[in-house]
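Subject: Structure handover, pockets and surface patch

Hello,

The structure is below for your use. My notes on its pockets and surface follow.

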Amino acid sequence: MRARLGLSPLVVVLLAVLGVPRVVAHDLALVGPGVNAVLVFAPPLVWLAVVMARRVPHPLLTLTVVGVCHGVLLAVTHQLLWGHAFTEAPALGGALAGALSPGAEAAVLRVFAVISSLVTGTAVGAVTGAVAWALGRVRRTS
């Protein structure tokens, strides 16, 4: 895996972990918008810097894998902090309001939260990887 990604599995996981403080800060409402913005953008910028500095062979693949790991950590952290993140439990709305038992409704919401976290993490990794790939192409042509 290291040869393909250009980073060890430990480094991949450590890069993904950089996004966890933002999830905790968000779910527990610990920071304001300014600090939140730093916590949102700093991890992908660090990912980009590491990939560029190490000249990984496949930055899009590498950072997509980092993003998937980040998505898993987002999902786990959101689930662990679920009870603290909401002053009242979230509920389905519209035509689905009250259609399910409270337990089923909670399960549906949690499943969709996990899916959302995985998609978000993967997308952030892929977009950052695409930027790294483009920067690598520019660097090679100049």
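A pocket here is an open set of grid points with protein on both sides within 12 Å along at least five of seven lines, and a lining residue has an atom within 4 Å of a point. Please keep in mind that the model is predicted.

Largest pocket

The largest pocket holds about 420 Å³ of space. Its lining has 23 residues, and those nearest the centre are Arg22, Val23, Leu74, His78 and Thr120. Helices H3 (20-27), H4 (33-54), H5 (59-80), H6 (82-85) and H7 (102-141) are the elements that give two or more residues to this lining. By class, 13 of the lining residues are nonpolar, eight are polar and two are charged.

Second largest pocket

For the second largest pocket the space is about 180 Å³. Residues in its lining include Val51, Met52 and Arg55, as well as Trp133, Arg139 and Arg140. H4 and H7 each supply at least two lining residues, and H7 has the largest share, with five. The classes here are seven nonpolar, one polar and three charged.

Surface patch

Val68, Val72, Val76, Leu80 and Leu118 make a nonpolar surface patch of about 410 Å². Four residues of the patch come from H5, which gives the most. Valine 72 sits in helix H5. Its relative accessible area is 41%, so valine 72 counts as partly exposed, the range for that term being between 20% and 50%.

Regards

Key. Residues numbered from 1 in each chain as written. Predicted model: local features only at pLDDT ≥ 70, side-chain atom pairs only at ≥ 80, totals over all residues. Heavy atoms only, no water. 1 Å grid on protein atoms, 1.4 Å probe; cavity = no way out; pocket = protein on both sides within 12 Å on 5 of 7 lines; lining within 4 Å. Points joined across faces, edges and corners; volume = space filled by probe spheres on them. Nonpolar A, V, L, I, M, F, W, Y, C, P; charged D, E, K, R; others polar. Patch = residues over 30% accessible without salt bridge, like charges linked within 9 Å, V, L, I, M, F, W, Y side chains within 5 Å. Areas by Shrake-Rupley, 256 points an atom, 1.4 Å probe, with all protein chains shown as cover. Salt bridge = Lys/Arg side-chain N within 4 Å of Asp/Glu carboxyl O. Buried < 20%, exposed > 50% of the residue type's maximum accessible area, 1.4 Å probe, protein only.
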